[in-house]
Amino acid sequence: MKNIKKAVISNQCVACGTCVSICPFNAINIFKGIRAVVDVELCVGCGKCKSACPGSIIEIQEMEESQ
Amino acid sequence: MKRWNNYLWIFSLTYLLLGFVNILFAWLGLICFITPLLISVFGGGKAYCNNYCGRGQLFQLLGKKLRLSRNRDIPNFLRTKWFRYGFLTFFMIMFMNMLFATYLVFEGTNGLQEVITLLWTFKVPWQWANSTTISPWITQFAFGFYSVMLTSTILGIITMVLFKPRSWCIYCPMGTMTQGICKLKEIRKDESDGRESKTSS
């Protein structure tokens with residue numbers, strides 16, 4: 001097991017799409033116009049979405065990756 | 001790679017400038033009202049906010065590229081549902097009020113008021129941008145609609161400077177409305193799926 005970083009988006013998301021356009025790994029999508037969702041396979045936890053999010057509702061969390 | 005829709009901020013900026021030339025150009029702003037609603041109603045989600053909102057792009061450009069934004073977190077209350085839906089309600093009431101003012105001019109009860117009302121309070125004389133060759137109610141609507149557009153731009157610029165570039169997107173009434181439509185559609189879909197699974201079982 002090793003620790004990896006991933007973006008986590010709170011349910012206060014307004015689906016503005018700022019994070020989608022800024023993500024260099026295309027790891028974020030807008031789910032049915034309701035909220036942004038992170039593809040954990042693609043996310044590397046770089047934090048660009050966190051700094052760009054106008055609502056400041058994205059956190060970069062450490063989690064364990066199963067080998 | 002940049003695509004054509006990455007330059008829609010030019011449309012938003014031109015729109016704001018055209019209001020100083022001829023107020024009737026304000027009618028073009030209806031595109032920014034009707035398009036996002038149609039997209040969300042017909043299943044496109046928030047594609048307008050995500051890809052085609054020139055105003056959001058303009059704030060991003062001013063705040064990030066020109067570094068006009070302080071890049072601070074927005075206050076918690078601005079992202080609550082209460083504030084967002086409350087602001088949408090207030091915005092719609094003021095919009096209806098503007099439509100009623102247009103109706104009164106159409107009916108002949110009131111004369112044309114050549115003013116732009118900023119932040120729903122401050123009346124700014126705007127005679128230079130008037131067109132007198134057209135029905136007064138058409139011009140009145142243009143004044144009212146341009147007031148709405150200019151007011152929301154001012155609010156967006158204030159929050160862009162104080163907080164993050166696209167902070168306006170958090171409480172933008174159109175964004176709240178289109179997200180609400182998407183949520184309602186999803187709830188209705190879930191309900192109909194539930195009914196179908198009950199009848200089939």
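Biologist: At what angle do helix 4 and helix 6 of chain B pack, and which residues of helix 4 make the contact?

Modeller: This is a predicted model, and in it helix 4 (residues 54-65) of chain B packs on helix 6 of chain B with the axes 10 Å apart, at an angle of about 35 degrees. On the side of helix 6 of chain B the contact is made by B:M149, B:S152, B:T153, B:G156, B:I157 and B:M160, and by class the whole contact has 5 nonpolar, 4 polar and 1 charged residues. Helix 4 of chain B contributes B:R55, B:F59, B:L62 and B:G63.

Biologist: How are helix 5 and helix 6 of chain B oriented to each other, and why?

Modeller: Helix 5 (residues 81-107) of chain B and helix 6 (residues 136-162) of chain B have axes 7 Å apart and pack at an angle of about 160 degrees, and helix 5 passes helix 6 in a right-handed crossing. Because angles over 145 degrees count as roughly antiparallel, the orientation of helix 5 and helix 6 of chain B is roughly antiparallel.

Biologist: How many nonpolar, polar and charged residues are in the contact of helix 5 with helix 6 of chain B?

Modeller: From helix 5 of chain B come several residues, including B:F87, B:F91, B:F95 and B:F106, and these meet a set in helix 6 of chain B that includes B:W137, B:F141, B:F145 and B:L155. By class, the contact of helix 5 with helix 6 of chain B has 14 nonpolar, 3 polar and no charged residues.

Biologist: How does helix 1 of chain B lie relative to helix 4 of chain B?

Modeller: The axes of helix 1 (residues 8-21) of chain B and helix 4 of chain B come within 7 Å and cross at roughly 95 degrees. B:L8, B:W9, B:S12 and B:L13 of helix 1 meet B:G54, B:R55, B:Q57, B:L58 and B:L61 of helix 4, a contact with 5 nonpolar, 3 polar and 1 charged residues. Since angles of 65 to 115 degrees count as roughly perpendicular, helix 1 and helix 4 of chain B are roughly perpendicular.

Biologist: What separation do the C-alpha atoms of B:L8 and B:Q57 have?

Modeller: B:L8 belongs to helix 1 of chain B, and, neighbours within four places in sequence aside, B:L8 is in contact with B:N51, B:Y52, B:G54 and B:Q57. Although B:L8 and B:Q57 are 49 residues apart along the chain, their C-alpha atoms are separated by 7.3 Å.

Biologist: In the hairpin of strand 2 and strand 3 of chain A, which residue takes a positive phi?

Modeller: Strand 2 (residues 28-31) and strand 3 (residues 35-38) of chain A run antiparallel and are joined by 4 bridges, with A:I30 standing opposite A:A36 of strand 3. The hairpin has 3 residues between the strands, and the residue with a positive phi, near 50 degrees, is A:K32.

Biologist: Which residues of chain B lose the most area to chain A?

Modeller: The contact takes 20 residues from chain B and 20 residues from chain A, and the two chains bury about 1,600 Å² between them, with 51% of it on carbon and sulfur atoms. On the chain B side, 32% of the buried area comes together from the residues that lose the most, namely B:N50, B:R79 and B:K164.

How values were computed
Residues are numbered from 1 along each chain as its sequence is written. Chains are lettered from A and ligands numbered from 1 in the order in which they are written. This is a predicted model: local features need pLDDT of at least 70, side-chain atom pairs count only at pLDDT 80 or more; totals for chains, interfaces and linings use all residues. Side-chain values use heavy atoms; hydrogens and water are left out. Axes are lines fitted to C-alpha atoms, for helices over the stretch in contact, and angles run from 0 to 180 degrees between N-to-C directions. Helices (H or I, at least four residues) and strands (E, at least two) are DSSP runs, numbered from the N terminus. Angles under 35 degrees count as roughly parallel, over 145 as roughly antiparallel, 65 to 115 as roughly perpendicular and the rest as oblique. A crossing is left-handed if the near helix is turned anticlockwise from the far one by less than a right angle, and right-handed if clockwise. Contact means heavy atoms within 4.5 Å. Ala, Val, Leu, Ile, Met, Phe, Trp, Tyr, Cys and Pro count as nonpolar, Asp, Glu, Lys and Arg as charged, and the others, Gly among them, as polar. Two strands pair if DSSP finds at least two bridges between them. Buried area is the accessible area (1.4 Å probe) that two parts lose on being put together, summed over both.
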